[in-house]
Amino acid sequence: MRMYLNNSYGDLIENPTPRCACMLVLDVSGSMSGDPISLLSKGVNQFIQEVCQDDFASLAVEVGIITFGSTVDEVTPIQSILGISTPTFSAMGRTPMGAAVSRAIEVLENRKQQYQKHGVPYYQPWIVLMTDGEPTDEYLKAAAQLRELAEDSKMLVFGIGIGDHCNLKKLAEFCPANRPPKKLAEYRFTEFFQWLSQSMAKVSVSTPGTGVELPNTKGWDTIQI
């Protein structure tokens, strides 16, 4: 396996490959306890492993993970996917989605500044926002900011609703009008994260600033509002 400095700045100097940053913003509130949180952990680890096995994507993809439950935690700072230790999650607390999204935006905007400072080309960052409920904090400002960034093509946003109690209408407030949230079929995290790894692989061999046709979501989504 290729090894790079375990430092986000050092990696930018050693590895000039165009970057695609992907921030996973994950609901770990109490309602995710049991099978959902276990399957989520398994899916995220599968995603990391699959991207690391791809020669191009492993050099291009950077991943960060922010969870929201009892607190908002940056459990994996944004970095090369090759340097990530596989995380485990535990479910508890409420759903401070607004604070989590604000933190994700801040981290990704700072990362883009680092790319620019070091002369590293990049694709617009991705945010994958997954929840089985609805925000329990003040979220309107964060939702409007994320939606505006997505509609200005400064970030690519995917809203994913989990389970039967997800409020897709509120989740849609975080998403651009042309890419409304999708509902995960049952708890098919494995299929979703396989799709995400395949999507990252396609992006990694494209030219930054050009369009990429992503794989079909059939197999993990049930509806599109």
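Me: Where does Glu186 lie?
Reply: Glu186 sits in the loop between strand E6 (182-184) and H7. Helices (H or I, at least four residues) and strands (E, at least two) are DSSP runs, numbered from the N terminus. This is a predicted model: local features need pLDDT of at least 70, side-chain atom pairs count only at pLDDT 80 or more, and totals for chains, interfaces and linings use all residues. Residues are numbered from 1 along each chain as its sequence is written; side-chain values use heavy atoms, with hydrogens and water left out.

Me: Why is Glu186 called exposed?
Reply: Exposed means over 50% relative accessible area, buried under 20%, partly exposed in between (1.4 Å probe, protein chains only). Glu186 has 59% relative accessibility, so it counts as exposed.

Me: What marks out the phi of Glu186?
Reply: Phi of Glu186 is near 50 degrees, a positive value in a residue other than glycine. Ser153 also has a positive phi, about 60 degrees, and is not a glycine. Ser153 lies in the loop between helix H5 (140-151) and E5.

Me: Is Ser153 buried or exposed, and how do you know?
Reply: Exposed. Its relative accessible area is 53%, so Ser153 passes the 50% cut-off.

Me: What about Ser29: buried or exposed?
Reply: Buried. Ser29 has 1% relative accessibility, so it falls under the 20% limit. Ser29 lies in the loop between E1 and H2.

Me: Which residues does Ser29 touch?
Reply: Contact means heavy atoms within 4.5 Å. Leaving out residues up to four places away in sequence, Ser29 touches Phe68, Gly69, Ala91, Met92, Gly93, Arg94, Thr95 and Asp132.

Me: What makes the link between the side chains of Ser29 and Asp27 a polar contact?
Reply: A polar contact is a pair of N or O atoms within 3.5 Å; within protein, one must be able to donate a hydrogen and the other to accept it, and residues adjacent in sequence count only if both atoms are side-chain atoms. The contact between the side chains of Ser29 and Asp27 is 2.7 Å, which is within that limit.

Me: Why is the pair of Trp126 and Phe158 called tilted?
Reply: Rings of Phe, Tyr and Trp (its six-membered ring) pair if their centres lie within 6.5 Å; planes under 30 degrees apart count as stacked, over 60 as edge-to-face and the rest as tilted. The centres of Trp126 and Phe158 are 5.0 Å apart and the planes stand at 40 degrees, so the pair is tilted. Trp126 is in strand E4 and Phe158 in strand E5, 32 residues apart. Trp126 is buried at 3%. Phe158 is buried at 9%.

Me: Which kind of pair do Phe192 and Phe193 form?
Reply: Edge-to-face. The centres are 5.0 Å apart, with 80 degrees between the planes. Phe192 is buried, at 0% relative accessible area; Phe193 is buried too, at 0%.

Me: How many residues are in the largest nonpolar core?
Reply: That core has 38 residues. A nonpolar core is a set of buried Ala, Val, Leu, Ile, Met, Phe, Trp, Tyr and Cys residues joined through side-chain atoms within 4.5 Å. Leu24, Leu40, Met130, Phe192, Phe193 and Leu196 touch the most other members. The elements giving two or more residues include strand E1 (20-27), helix H2 (35-52) and helix H7 (189-204). The largest share, eight residues, comes from H7.

Me: How do you know whether Val128 is buried or exposed?
Reply: Val128 has 0% relative accessibility, so it counts as buried. Val128 is in strand E4. Its contacts beyond four places in sequence include Leu24, Phe158, Phe192 and Leu196. Val128 and Val25 are 103 residues apart along the chain, with C-alpha atoms separated by 5.9 Å.
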